[in-house]
Amino acid sequence: MNQLFDFILQPWPWYVAGPLIGLTVPTLLLIGNKSFGISSSLRHVCAACFPADIPFFKYDWKKEIWNLIFVLGVFFGGIIASNFLENPNDFVLSEATINDLKALGIKDFAGLMPADLFSVETLFSVKGLIFFVVGGFLVGFGTRYAGGCTSGHAIMGLSNLQVPSLIATCCFMVGGFTMTHLIMPIIFKLF
Amino acid sequence: MKNIQKIQDTAVVEPFVCEAPNDMKKAESWTDNIKYLIVGILFGIVFVKAEIISWFRIQEMFRLQSFHMYGVIGSAVVVGMISVFLIKKFNIKTIAGETVDFHPKKFQKGQVYGGLLFGLGWAITGACPGPLFAQIGSGYVVVIVTLFSAVAGTWTYGLLKDKLPN
């Protein structure tokens, strides 16, 4: 039993986490005929809080409330995992990534997120504006324009063998590679 | 009443399309919704424990320096595909006895333009929408700003929708 608990505290390998995430698809379908997708929660927040007479936000969001409850669960899951199931060891990152990021100016590699970026002080700087405000905006705008995110397209869409989802997933990756290799070095030179 | 009528009218003009629709015919009560809270909690725990919420892991992925994220997404897709195949093949019903609905997706230019924009944002924030919620739960309070900004991005898309190529 103790051994099992020790295993749970370690970072979970991909072959445990991936299948568990994949199982979310049939779970949601079978417990309530729901297609898996997370970015729609952002749309429901708009529809519920600031519809502003925009046709795109005029629908019965209450019927889709399960999606908001689901993301509330993800938030609680984050609290539980970080407070009660915390990894007792140091965060392990590939040596090559550490070197690349050091070259960009990142110094702190202790946690899941670089403390140099994800701190309240950064928030009120140009860095914070780009990483949180611009980044977040692109995530919200892009996922809605694409009609889904990693869960709706890459996982649910590909599970259902949808070609448009494959196209969207490839574009997600191309966007990510472009940012990482071409744009990010420029952003880091700004400060 | 007038309001409801208005919503129905616009619904006719603009059919509600959403990638994660609720296809359940029977209305669900608050207690029915607890199921989704539990699945969400388990999902959030997996996100944190597999370090998918980590900005560093996303960088590793886009720098092709670790197999981890490819393994996670790849095996999730394989398990999802097999599950959907089995549900269709054996016509497995939901626990309420309904036939499972699947939604074929239509190709639109937005999947390319929007996909590229989301990809750019994914690499800087280190998060897709799901991990955003788990990051905030894990105590990275600054991510609340990212989330608000993502809501603003979604809202802006809604506002400009008809002016964008799609």
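**Start with confidence**

Colour the model by pLDDT before anything else. The overall scores are ipTM 0.95 and pTM 0.92. Chain B has a mean pLDDT of 90, with 90% of its residues at 70 or more. Now select residues 5-14 of chain B: here pLDDT stays under 50, and the model has eight contacts beyond four places in sequence for this stretch. Where pLDDT is low, the predicted coordinates should not be read in detail.

**Chain B on its own**

You will find seven helices and zero strands, so the order from the N terminus reads α-α-α-α-α-α-α. Of the 166 residues in this chain, 49% count as buried. Among the contacts in chain B with a separation of 6 or more, 50% join residues 24 or more positions apart.

**The α6(B) and α7(B) pair**

Stay in chain B and select α6(B) and α7(B). Their axes lie 9 Å apart and the helices pack at an angle of about 145°. The crossing of α6(B) past α7(B) is left-handed. Show side chains for P129(B), L132(B), Q135(B) and I136(B) on α6(B), then for V143(B), I144(B), T146(B), L147(B) and A150(B) on α7(B); these residues make the contact. By class, the contact holds seven nonpolar, two polar and no charged residues.

**I58(B) and its neighbours**

Next, pick I58(B), in helix α3 of chain B. Why does I58(B) count as buried? Because it has 23 C-beta neighbours inside 10 Å, and 20 or more is the cut-off for a buried residue. Leaving aside residues up to four places away in sequence, I58(B) touches W122(B), A123(B) and G126(B).

**Bring chain A back**

Show both chains and select the residues in contact between them. The selection holds 114 residues of chain B and 120 residues of chain A. On the chain B side, α1 (2-13), α2 (34-49), α3 (55-62), α4 (68-89), α5 (110-125), α6 (129-137) and α7 (143-160) each supply at least two residues. The largest share of that side, 16 residues, comes from α5(B). Colour the chain B side by class and you get 64 nonpolar, 36 polar and 14 charged residues.

**The nonpolar core**

Which residues touch the most other members of the largest nonpolar core? Select A17(A), I155(A), V46(B), F47(B), V72(B), F118(B) and A123(B): within this core of 92 residues, they are the ones. A123(B) is also one of the residues touched by I58(B). Centre the view on I155(A). Not counting residues up to four places away in sequence, I155(A) touches I21(A), V25(A), F36(A) and T150(A) in chain A, and A76(B), V77(B) and G80(B) in chain B.

Ten of its ten residues are buried, so α8(A) is largely enclosed by the rest of the structure. The buried residues of α8(A) pack against α2 (14-32), α7 and α9 (163-189) of chain A, as well as α4 and α6 of chain B. Following α8(A) is L161(A), with a positive phi near 55°.

Move to helix α3 of chain A, residues 40-49, where eight of the ten residues are buried. They are S40(A), S41(A), L42(A), R43(A), H44(A), V45(A), C46(A) and A47(A). These buried residues pack against α4 (65-84) and α7 (126-146) of chain A, together with α6 and α7 of chain B.

**Last stop: two positive phi angles**

Most residues other than glycine have a negative phi. Select D53(A), in the loop between α3 and α4 of chain A: this non-glycine residue has a positive phi of about 65°. Then select E51(B), in the loop between α2 and α3 of chain B, with a positive phi of about 60° although not a glycine. Are these residues buried or exposed? D53(A) counts as exposed because it has 8 C-beta neighbours inside 10 Å, whereas E51(B) is buried, with 22 other C-beta atoms within 10 Å.

Note on methods: Residues numbered from 1 in each chain as written. Chains lettered and ligands numbered in written order. Predicted model: local features only at pLDDT ≥ 70, side-chain atom pairs only at ≥ 80, totals over all residues. Contact = placed C-beta atoms within 7 Å. Helix = DSSP H or I, 4+ residues; strand = E, 2+ residues; numbered from the N terminus. Nonpolar A, V, L, I, M, F, W, Y, C, P; charged D, E, K, R; others polar. Core = buried A, V, L, I, M, F, W, Y, C linked by C-beta atoms within 7 Å. Buried ≥ 20, exposed ≤ 12 C-beta atoms within 10 Å, placed from the backbone. pLDDT = per-residue confidence, 0-100. Axes fitted to C-alpha atoms, helices over the stretch in contact; angles between N-to-C directions. Left-handed = near helix turned anticlockwise from the far one by under 90°.
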